[in-house]
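User: Please examine the structure shown below and discuss its local features in question-and-answer form.

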Amino acid sequence: MKFKTLNITGFGHFSEQTFELDEKSQLIFGENEAGKSTLYHFIRTILFGFPKKREQIRDFTPRSGQRYGGNIVIQHGTYGEVTIERFKETRSGQAKVILPDGQEGNDYLLEKLLAPLTKDVFDQIFSFQQEQLLDLGDLNETKLQHLLLTVGLTGSEQLNQVSQRFFKKRQQLFKPTGRVPKLNQKLTQFKVLETKIEQVEQEEATYQAKQLRYQEIERDLSQASAIKQQLIKQRDYLANQQKRISQYVEWETLNKEKQPEKRVSDEQLKEIKTTFQEYRFLEKKEHKLLKQHEGLNDLSSPAYLFYLNNQRQLEETLSHQLQVERLSQQAETNQHQIQQIEDEKAALYHTYDLKPIQASEADMQKVITSIREVAEEEEEFIRDKIVLDNEISRVTLKRKELDHQLTTLEKELKLHEKQAKTTEEKEANSLNLPIVLIGGAAVLAVIAGFSSATWLFLIVGLLVAIGVFMIWRSAKEQKELERIPRIDISYPKEQYAVQLAQSDENEQEYHRLQSEKETLQMKLNVIMEQKVSWNKLYGLNPKESLNNWLSKLPVYYQIMALEEKQQHAQESLKALKEELSGYQDRLAFTSDWLPISGQEVKNGYQLLSQFIKEQQSVREEVQLLEGEQASIPMQLTRIREELQKLEVRLQSLIPQLTNFHSDKVVRFLAEQEAYREEEQRLADLTLRLEDYFDLSKSYQLATINEDYFALTDQLDQWENNQEEQQKESQALRFDLQKMEEKGTLDELYQQRENDLTEIKELAEAWLGYKLAEDILQEVFDYLSDQQLPQVLALTSEYFSILTGGKYPQVVFKQGKLIVQDRKLQKWEATQLSTGTKDQLYIAFRLGFIQLHAHDYDAPIMIDDGWLHFDSGRKEIFFKVMIALGKTRQIICLSSDEEMKAYFEKNGIDIINLGGKK
């Protein structure tokens with residue numbers, strides 16, 4: 001084959017260009033990027049097709065918008081001048097082949113024309129490119145064998161002989177009495193198929209109903225799974241609400257109690273504090289002046305004197321009465337709340353049969369996660385065990401049925417054998433007596449002939465007549481027996497063999513199922529051991545399922561939340577009692593005048609209030625009797641005027657302070673601080689709760705618990721329903737699979753026809769695949785033993801020529817490529833210079849081409865294969881190409897001026913591609 005004309009419609013930067021090629025040697029010269037590699041890829045694409053995206057190195061789509069492709073005119077050794085045309089947009093990139101007689105073909109005809117040349121052979125053998133140069137250091141014997149295989153398969157008579165030898169072995173794979181060979185198995189299966197057809201004819205009516213029910217259950221299961229996930233999500237949401245309900249109650253209380261209208265600004269609060277401090281100072285000064293007025297005590301009772309001496313302290317103490325009453329009320333509320341929480345905990349422990357544990361919320365979450373993981377396995381194992389129990393029951397029933405069928409067949413077989421034996425004996429005995437009679441008549445006839453006794457001839461005639469009659473009657477009986485169908489025991493034997501094989505398979509399946517059940521039970525026992533260990537910690541019943549545990553364990557979150565709330569209430573109660581104790585201590589100085597011993601704090605303050613009111617009445621009476629002392633009253637008057645002004649100022653700053661009292665100011669300041677603390681706490685709680693509560697709604701723990709337990713019950717119900725549906729689905733799927741294994745009637749009828757055809761063709765088709773590896777190994781061995789020495793000899797010859805006789809021999813030793821120079825010194829390929837390595841690589845390729853010259857007549861394409869050559873090497877290489885060009889077309893692609901000069905000097909045609917594109 002030789003390339004004559006390249007007609008490029010559009011490929012890379014080439015558009016509507018034609019190149020006429022010499023049939024011997026041709027140089028295509030051009031600078032870098034002039035289009036040499038583009039021409040090479042154009043030839044490769046037209047011959048072997050457009051590359052796939054993953055194989056595409058460069059994109060040669062035309063820039064000018066022309067059709068992507070063109071045609072090549074080749075001179076074929078058999079068909080003459082042939083045109084090969086290929087366009088990307090036409091026929092999905094398929095080739096169009098035009099023969100000299102006008103006949104057209106496609107890729108199939110093109111492969112036939114090019115055979116045995118393929119894309120791989122073209123790339124690996126007939127294309128010389130710099131990027132394809134091998135690393136000869138890695139060229140071991142295995143790689144050489146594969147390279148030999150690539151170019152040596154076609155046209156090998158020895159390979160055909162190997163193929164014929166292994167073809168004969170195909171007959172050995174079928175044994176008339178065998179059971180393992182596939183053809184024997186197919187015959188057995190065909191007999192089983194006949195039995196199946198009979199069974200399916202009876203079962204076909206129920207298949208459609210089961211199929212519809214199975215599809216309905218699968219739809220229900222799919223919907224149930226989505227609903228279950230939504231329910232789990234809702235339950236987890238409620239569980240989070242349970243854990244945070246105490247915080248919500250606190251938030252709700254704070255939110256209801258907040259009174260923003262009573263809160264003053266920070267600047268106003270600061271002014272109130274400053275004014276009140278000044279007021280306190282004047283109060284102390286007033287108290288000091290009153291002490292100077294002690295002379296009036298003689299006019300008063302001891303209780304009154306106690307009142308006057310401690311008036312400020314008594315009034316100061318009484319100012320805390322409201323605070324004491326509020327704290328007492330809170331303490332009573334907390335005590336009631338603590339008892340209520342204790343009752344709720346006891347109810348939860350009793351309802352869910354739980355016991356108190358010592359575990360943190362994080363530990364509980366880890367345990368629940370662990371139990372949930374094991375619960376999924378337990379549920380799956382229990383489900384699988386139920387399926388296995390159903391399967392074992394089914395197999396056991398089938399086992400009994402097969403035993404009964406085998407027993408029946410054995411009896412029928414014995415009966416048929418006995419009847420056949422009786423018939424054969426009867427047929428054999430029907431001819432014995434006539435033969436004996438005729439034989440006896442012959443003996444008597446001989447005796448009568450020697451003795452001349454005529455009476456013996458009468459006996460002979462009588463015996464012959466009797467014998468002939470008996471033979472006639474036996475023949476008649478034989479004809480009657482032939483009319484009666486003979487008992488064929490081959491079919492019962494085949495049926496017995498089929499039933500026996502089914503029984504063996506059923507027995508194997510039974511033992512397999514039992515083994516799986518034992519393994520499953522072992523896994524369940526491991527889970528039970530884990531449940532026992534958890535039982536010691538949490539007191540849950542090991543006989544209950546882990547999923548049931550999971551419905552109970554979240555109750556611990558509620559208990560933990562209650563305990564946290566209870567602890568908070570206890571701490572609050574403790575703080576309240578400590579604070580009330582402080583107020584109790586403030587009353588201690590009145591114990592001589594008030595009966596406060598054994599009284600509650602709030603009752604003590606009520607007694608104090610009554611005492612002060614009584615003494616104030618006494619003071620009014622004393623003031624009428626006492627004389628005024630000039631200096632003290634004036635000072636007291638001024639101080640009290642100042643105090644009155646400060647009271648007015650404080651009343652203006654505190655609008656809700658209608659009747660001024662210092663205790664009210666103290667209470668107001670305390671309230672303001674409490675407001676700020678409550679606002680901060682409310683903001684913190686809002687951030688914590690807004691992801692778990694709709695804060696625009698109201699929540700109660702009882703309602704949340706009811707919803708949680710309702711969801712848990714609903715989930716249990718869904719899971720139970722789902723489990724029942726899964727069991728039914730698995731049973732239906734198993735039945736349908738069994739029915740589908742038997743096939744529908746139409747499928748079975750078609751399968752019977754297909755099996756009849758396949759039985760005839762199976763051995764040849766199946767054996768062809770099996771022998772491929774053996775044949776391929778034979779090819780490798782053959783190429784290694786026969787062709788490797790030849791290709792090394794040819795490589796040595798070309799390498800010697802290319803190196804000017806410096807390296808006359810190339811050999812393989814210990815899996816490595818070795819060259820030997822004139823001085824018999826050996827060199828590994830890795831020790832050679834780059835130019836010498838290229839020469840060795842080219843010598844190898846030329847050796848392959850020379851070895852298979854009778855198989856391949858393709859042109860050789862060389863793209864700057866002499867890049868690393870000096871002038872001497874280039875000249876030798878040029879001479880080798882000229883020599884090869886006498887028998888084979890050589891196309892060189894180069895930008896080397898020196899090589900161009902060699903071609904011009906020898907008058908060889910050169911195609912100039914022009915400048916850089």
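**Local features of the predicted model**

Analyst: Glu373 is found in helix H12 (residues 361-451); helices (H or I, at least four residues) and strands (E, at least two) are DSSP runs, numbered from the N terminus. This is a predicted model, in which local features need pLDDT of at least 70 and side-chain atom pairs count only at pLDDT 80 or more, while totals for chains, interfaces and linings use all residues. Residues are numbered from 1 along each chain as its sequence is written, and side-chain values use heavy atoms, with hydrogens and water left out.

User: How many aromatic pairs does the count come to?

Analyst: Rings of Phe, Tyr and Trp (its six-membered ring) pair if their centres lie within 6.5 Å; planes under 30 degrees apart count as stacked, over 60 as edge-to-face and the rest as tilted. By this rule, the number of aromatic pairs is 17.

User: Why is the pair of Phe11 and Phe60 classed as it is?

Analyst: The ring centres of Phe11 and Phe60 are 5.0 Å apart. Phe11 belongs to strand S1 (residues 2-11) and Phe60 to the loop between helix H1 (36-48) and strand S4 (69-76), so the pair links distant parts of the chain, 49 residues apart. Both Phe11 and Phe60 are buried, that is, under 20% relative accessible area, where exposed means over 50% and partly exposed in between (1.4 Å probe, protein chains only). Because the planes of the two rings stand at 15°, the pair is stacked.

User: What kind of aromatic pair do Phe693 and Tyr699 form?

Analyst: Phe693 counts as buried because its relative accessibility is 3%, and Tyr699 counts as buried because its value is 16%. Their rings lie 5.0 Å apart, centre to centre, with 75° between the planes, and the pair is edge-to-face.

User: Is Leu689 buried or exposed?

Analyst: Leu689 has its place in helix H19 (residues 662-689). Leu689 and Trp251 are 438 residues apart in sequence and 8.8 Å apart in space, C-alpha to C-alpha. Because the relative accessibility of Leu689 is 0%, this residue counts as buried.

User: What is the omega of the peptide bond from Ala115 to Pro116?

Analyst: Pro116 lies in the loop between helix H2 (107-114) and helix H3 (119-124). The peptide bond from Ala115 to Pro116 is cis, with omega near 5°.

User: What is the phi of Ser92?

Analyst: Ser92 is found in the loop between strand S5 (80-87) and strand S6 (95-98). Because its relative accessibility is 72%, Ser92 counts as exposed. Although Ser92 is not a glycine, its phi is positive, at about 55°.
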